Amino acid sequence: MKCEWVQENILLYIYNELADDARYELEQHLGRCTDCAADLKAARGFHISISQLPVQEPTPNLLASSRMRLQEALETTQQGGFWQRLTFDPAIWLRQVRFSPALAAAIFIIGFAGGIGAMYKMTPQSPAFPQEAPRPLPQEASITGIRSVTTEPGSDQVNIKYETVHTEEARGSLNEQRIQQLLLFAARNNYNSGVRMDSVDLLTQKPDDTRVREALIYALHNDSNPGVRLKAIEGLGSFVKDDTRVRDAVLNALMTDNNPGVRTQALLLLQPVKADGSVRAALQHLAETDQNQYIRSQARTVLAQLPEID
């Protein structure tokens, strides 16, 4: 083992992120190389020093947006390199099994389950059995992503394919709780912008639900796709007058969104509450300084319709 490799992986070793076999080999090298052992000691000292500093907890919005960006990055990353190496290089299998008892146990369990599955397929199925009831929805934390959201023409049936360890599918009415739960998950977390748009579009049919409204506000604030944000703001339109949180979300979109279409829709939705103090102040600011000529002109038009404040 070369010292360069050890130095590149010392931090992974300190944070217990190395595989068992790599950890073992690194420890063997450290026992023989005084220079690398000194590097390890210095890195541990630095780790201890920074661990004593106060840690600022990330906000929920930062966590959610970071996970969304990670999922989008994973979608575009080339996959399969590791599994291809496992498939075509038996030595890697042997090394992983040697230093990871958990992997050996997993291989045994998979083989056992495969045998049971084969026996089940060979056993004739009795037509007397009742139709299988829909499987309960797994916990949200175990869902890794939503693959697709489709509707059946002429009905209220929604088909959702979602992934846990493997792809599952749920079918049911938009009124069913498990379907709504999957749509809420897809609107917030899925890495596919098309799926997010389909989910938000369906959720706009149920904006009276508090959870749905929260998801639409979240999409308006955080989604990277302007089409999804536009769908979300359209679904929130009827609540601008009576729900101050919706009003604030739409006002924030008007002031900060980088898409002219979303900002224009926000301006239209705020006209019924244009006399609100915060809305009036925002319109005055836009009328004077906004770089978008249409937004600036529309803001002036709306302000001209307002009565003067004594």
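Modeller: Let us begin with asparagine 16, which sits in the loop between helix 1 (3-14) and helix 2 (20-32). The model is a predicted one.

Colleague: Why is asparagine 16 called exposed?

Modeller: Its relative accessible area is 54%, and exposed means over 50%; asparagine 16 therefore counts as exposed.

Colleague: What makes the phi of asparagine 16 worth noting?

Modeller: Phi of asparagine 16 is near 55°, which is a positive value in a residue other than glycine. Most residues other than glycine have a negative phi.

Colleague: Where else is a positive phi found, and in what setting?

Modeller: Glycine 154 has a positive phi of about 80° and lies in the turn of the hairpin formed by strand 1 and strand 2, with five residues between the two strands.

Colleague: How do you know that strand 1 and strand 2 pair, and in which sense?

Modeller: Strand 1 (residues 145-151) and strand 2 share six bridges in the antiparallel sense. Pairing needs at least two bridges, so the two strands count as paired.

Colleague: What makes strand 2 mostly covered?

Modeller: Strand 2 spans residues 157-163, and six of its seven residues are buried. For the protein chain of 310 residues, the buried share is 34%.

Colleague: Which residues touch the most other members of the largest nonpolar core?

Modeller: They are Ile146, Leu220 and Val250, in a core of 53 residues. Helix 8 (residues 177-189) gives the most to this core, with seven residues. A second, separate core has 12 residues, among them Leu30, Cys33, Cys36 and Leu40.

Colleague: Which residues does leucine 220 touch, leaving aside those up to four places away in sequence?

Modeller: Leucine 220 touches Arg229, Ala232, Ile233, Leu236, Ala249, Val250, Ala253 and Val262.

Colleague: Why is arginine 263 called buried?

Modeller: Arginine 263, in helix 13 (residues 260-270), has a relative accessibility of 9%. Not counting residues up to four places away in sequence, arginine 263 touches Ala253, Leu254, Asp257, Leu286, Asp290, Asn292 and Ile295.

Colleague: How many salt bridges does the whole structure hold?

Modeller: The search finds 11. Side chains of opposite charge can pair when their charged atoms come close.

Colleague: What makes aspartate 223 and arginine 196 a salt bridge?

Modeller: Their closest N and O atoms are 2.5 Å apart, and the limit is within 4 Å; the pair therefore qualifies. Aspartate 223 lies in the loop between helix 10 (210-222) and helix 11 (226-236), and arginine 196 in helix 9 (residues 193-203), so the pair ties together parts that are 27 residues apart in sequence. Both aspartate 223 and arginine 196 are buried.

Colleague: How do you know that arginine 247 and aspartate 276 form a salt bridge?

Modeller: The closest N and O atoms of arginine 247 and aspartate 276 are 2.9 Å apart, which is within 4 Å. Arginine 247 belongs to helix 12 (residues 244-256) and aspartate 276 to the loop between helix 13 and helix 14 (277-289), so this pair ties together parts that are 29 residues apart in sequence.

Colleague: Why do arginine 247 and aspartate 276 carry the labels they do?

Modeller: Arginine 247 has 12% relative accessibility and counts as buried, because buried means under 20%. Aspartate 276, at 24%, counts as partly exposed, because that label covers values between the 20% and 50% limits.

Colleague: Which residues form the nonpolar patch on the surface?

Modeller: Leu11, Tyr15, Phe46, Ile50 and Leu53 form the patch, with about 520 Å² of accessible area together.

Colleague: Why is phenylalanine 46 called exposed?

Modeller: Phenylalanine 46, in helix 3 (residues 34-51), has a relative accessible area of 53%. The criterion is over 50%, so phenylalanine 46 counts as exposed.

Colleague: What makes alanine 37 partly exposed?

Modeller: Alanine 37 is also found in helix 3, and its relative accessible area is 30%. This value lies between the 20% and 50% limits, so alanine 37 is partly exposed.

Key:
Residues numbered from 1 in each chain as written. Predicted model: local features only at pLDDT ≥ 70, side-chain atom pairs only at ≥ 80, totals over all residues. Heavy atoms only, no water. Buried < 20%, exposed > 50% of the residue type's maximum accessible area, 1.4 Å probe, protein only. Helix = DSSP H or I, 4+ residues; strand = E, 2+ residues; numbered from the N terminus. Contact = heavy atoms within 4.5 Å. Core = buried A, V, L, I, M, F, W, Y, C linked by side-chain atoms within 4.5 Å. Salt bridge = Lys/Arg side-chain N within 4 Å of Asp/Glu carboxyl O. Patch = residues over 30% accessible without salt bridge, like charges linked within 9 Å, V, L, I, M, F, W, Y side chains within 5 Å. Areas by Shrake-Rupley, 256 points an atom, 1.4 Å probe, with all protein chains shown as cover.
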